[in-house]
Amino acid sequence: DFISNLAYSDGLTGIGNRTAYMEKIDEYIQKAPSSDVKEIGIIYFDVNNLKNVNDKQGHEFGDKLIQAAADIIKNSFGLYGETYRIGGDEFAVLMEGGNLKDNYKNGNDLFFDSIVEINKIKKYPFEIQIAHGFTICEKLTREQIDYSISIADSLMYENKIRLKTNL
């Protein structure tokens, strides 16, 4: 269990890592013909201003920003899906089951409220800003999942631009 945990968990945040994420996607594809899971929700996240925090306050604070982001994402969307850190400041959530749009909305409400509250009370010496994009993949094939991931990624970057320009 210890070695498995090391192989599939992100050391900084304790959530699933990129390997666990990729294996979960492969599992969806392999089990699709006989699985009860017919569609999945995909949410992609990107933490804004990590480089700024690292450069101005040091990597210790950059790590705190990543940990805070992971906690917010897990506490908001973890009720509805699996949370992964898939890159330096990039995260993903894979959701399955019915009511994906409702589950996303509920998680998103918690997500937004958490960020507002943490920034309002100035829990950290930096502002937390996390862009995200959501889509539903309705057919669990490699091509369709890859396409859905690209949509979630594009929507996340659109959100990132809006956040940075305060629109």
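Modeller: Two strands pair if DSSP finds at least two bridges between them. The model discussed here is predicted.

Biologist: Which residue in β4 does G41 stand opposite?

Modeller: Strand β1 is also joined to β4, in an antiparallel arrangement with eight bridges. Within β4, the residue opposite G41 is I136.

Biologist: How many of the eight residues of β1 are buried?

Modeller: In a regular strand, side chains alternate between the two faces of the sheet. In β1, I40, I42, Y44 and D46 point one way, while G41, I43, F45 and V47 point the other way. Both sets are buried. The count of buried residues in β1 is thus eight of eight.

Biologist: Is D46 buried or exposed?

Modeller: D46 belongs to strand β1. The relative accessibility of D46 is 4%, and the cut-off for a buried residue is under 20%. D46 therefore counts as buried.

Biologist: Which side chain does a polar contact of 2.2 Å join to that of D46?

Modeller: Leaving out residues up to four places away in sequence, D46 touches D89, E90, Q129, I130, A131, M156, Y157 and K160. The polar contact of 2.2 Å joins the side chain of D46 to that of K160.

Biologist: Which element gives the largest share of the largest nonpolar core?

Modeller: This core has 29 residues, and those touching the most other members are I43, F45, F91, M95, F111, I128 and I130. Two or more residues each come from β1, α3, α4, β3, α5 and β4. The largest share amounts to eight residues, and the element that supplies it is α4.

Biologist: How many residues are in the other core, which includes I86 and L94?

Modeller: In soluble globular proteins, nonpolar side chains tend to be buried together. The other core lies apart from the largest one, and A131 and L140 are also among its members. The number of residues in this other core is 20.

Biologist: At what relative accessibility does I72 count as buried?

Modeller: I72 is placed in helix α4. Neighbours within four places in sequence aside, I72 is in contact with F111, S114, I115, I118, I128 and I130. I72 counts as buried because its relative accessibility is 4%.

Biologist: What distance separates the C-alpha atoms of I72 and G87?

Modeller: Along the chain, I72 and G87 are 15 residues apart. The separation between their C-alpha atoms is 17 Å.

Biologist: Is N99 buried or exposed?

Modeller: Most residues other than glycine have a negative phi. N99, in the loop between β3 and α5, has a positive phi of about 60°. At 55% relative accessibility, N99 counts as exposed.

Biologist: What is the relative accessible area of N49?

Modeller: N49 is in the loop between β1 and α3, and its phi is positive, near 70°. N49 is partly exposed, with a relative accessible area of 31%.

Biologist: How far apart are the end C-alpha atoms of helix α2?

Modeller: Helix α2 comprises 14 residues, residues 18-31. At 1.5 Å a residue, the helix should span 20 Å. The separation of its end C-alpha atoms agrees, at 20 Å.

Technical notes:
Residues numbered from 1 in each chain as written. Predicted model: local features only at pLDDT ≥ 70, side-chain atom pairs only at ≥ 80, totals over all residues. Heavy atoms only, no water. Core = buried A, V, L, I, M, F, W, Y, C linked by side-chain atoms within 4.5 Å. Buried < 20%, exposed > 50% of the residue type's maximum accessible area, 1.4 Å probe, protein only. Helix = DSSP H or I, 4+ residues; strand = E, 2+ residues; numbered from the N terminus. Expected span 1.5 Å × (residues − 1). Contact = heavy atoms within 4.5 Å. Polar contact = N/O pair within 3.5 Å; in protein donor to acceptor, adjacent residues only side chain to side chain.
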